[in-house]
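Subject: Structure handover

Hello,

Here is the structure we talked about. Please have it open while you read the notes below it.

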Amino acid sequence: MASDQGNNQSVERAISVLRAFLTGRPELRVSDVAKATGLGTSTASRLLATLETLEFVERDEVSGLYRLGTAPITLGGVALNQNPVHREARQIAQDLAAALGLGVNVAIRQGDSMFYLANFEGKLAPRSYVLTGQRKPLYATGIGKCLLLGLSAEERRALLPAMQPFTPRTITAHERLDEELATVQGRGYATEIEELAFGRACVAAPIRDRSGAIVAAISISGPLSAIDLPAREAELGRTIIENADSISIGLGYVGPMHLMGSPA
């Protein structure tokens with residue numbers, strides 16, 4: 001038992017070292033890792049050396065700073081290839097981004113956040129980084145609003161006891177969120193205009209599996225001037241619903257289920 005506890009602690013410490021690189025700084029000193037994890041400097045140094053041997057981190061020979069290595073990329077690629085939503089959505093999302101010249105994103109819900117499974121950028125919405133693997137708040141994004149449709153009002157309040165504002169447009173009251181989601185439910189797609197970040201907007205639709213449950217969502221996003229929602233909302237709404245439906249069909253969704261023998 002003591003050995004198991006020691007092994008578990010070693011694993012937890014190694015994972016905490018890797019998580020230190022999720023703070024936004026791409027390169028860290030040993031002291032930075034020690035501070036972020038609460039570990040001693042010598043312990044952090046030993047763990048980093050082990051992780052470097054396993055290619056989970058790499059060390060710059062000139063600066064001595066550590067950054068993530070290639071092993072996490074390999075694991076991430078395997079995980080994505082095994083994910084059924086990613087497999088069904090990847091080509092559809094890539095083609096849509098190329099056709100529209102805008103960003104197209106696919107995400108699932110992880111607890112109280114949305115988690116990006118795929119992200120493609122068209123020529124009108126370029127980014128210097130990928131969103132895949134990042135998390136964003138559910139209530140301040142079009143995809144997140146679609147994912148929240150799968151929860152009751154009571155479940156949403158328990159999941160999101162407080163909703164902090166990111167811009168003056170961010171929805172922070174549950175009553176307002178309830179109204180917004182009722183609109184989303186009625187028209188089949190969600191919109192978001194500068195609720196998470198200034199200068200950006202999106203339109204999103206839910207993705208369902210064979211049981212009819214909402215398991216993911218897909219969005220078209222971009223700068224306000226490129227996406228032009230005031231003029232193109234109806235067009236983009238139809239487009240995103242059609243593409244979400246294509247992915248849902250690939251996941252086995254056949255439409256709303258009706259009771260046997262019920263009138264047509």
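How many nonpolar, polar and charged residues are in the lining of the second largest pocket? The lining has nine nonpolar, six polar and four charged residues. Please keep in mind that this is a predicted model.

The second largest pocket

This pocket holds about 300 Å³ of space. It is lined by 19 residues, and the closest to its centre are Tyr-116, Arg-127, Glu-192, Leu-196 and Arg-200. Four elements each supply at least two lining residues: strand E4 (113-120), helix H6 (142-148), strand E7 (200-208) and strand E8 (214-223). E7 gives the most, with three residues.

The largest pocket

Here the space comes to about 1300 Å³. The lining is made of 29 residues, and Leu-22, Leu-68, Pro-72, Thr-132 and Gly-133 are the closest to the pocket centre. By class, 17 of the lining residues are nonpolar, eight are polar and four are charged.

Which element gives the most to this lining? Helix H4 (71-82) does, with seven residues. Helix H1 (2-19), strand E2 (66-68) and strand E4 each supply at least two residues, as does H4.

The domains

The domain assignment gives domain 1 (9-73) and domain 2 (83-251). Their C-alpha centres lie 33 Å apart. Each of the two domains contributes at least three residues to the lining of the largest pocket.

Glu-121

The side chain of Glu-121 makes a polar contact of 2.7 Å with the side chain of Asn-119. Beyond its neighbours within four places in sequence, Glu-121 is in contact with Ala-97, Leu-102, Gly-103, Asn-105, Pro-126 and Arg-127. Arg-127 also came up above, among the residues closest to the centre of the second largest pocket. Tyr-66 is 55 residues from Glu-121 along the chain, and their C-alpha atoms are separated by 29 Å.

Best wishes

Note on methods: Residues are numbered from 1 along each chain as its sequence is written. This is a predicted model: local features need pLDDT of at least 70, side-chain atom pairs count only at pLDDT 80 or more; totals for chains, interfaces and linings use all residues. Side-chain values use heavy atoms; hydrogens and water are left out. On a 1 Å grid over the protein atoms alone, a cavity is a set of points where a 1.4 Å probe fits but cannot get out, and a pocket is an open set with protein on both sides within 12 Å along at least five of seven lines; lining residues have an atom within 4 Å of a point. Grid points are joined across faces, edges and corners, and a volume is the space filled by probe spheres set on the points. Ala, Val, Leu, Ile, Met, Phe, Trp, Tyr, Cys and Pro count as nonpolar, Asp, Glu, Lys and Arg as charged, and the others, Gly among them, as polar. Domain bounds come from an automatic or database domain assignment. Contact means heavy atoms within 4.5 Å. A polar contact is a pair of N or O atoms within 3.5 Å; within protein, one must be able to donate a hydrogen and the other to accept it, and residues adjacent in sequence count only if both atoms are side-chain atoms.
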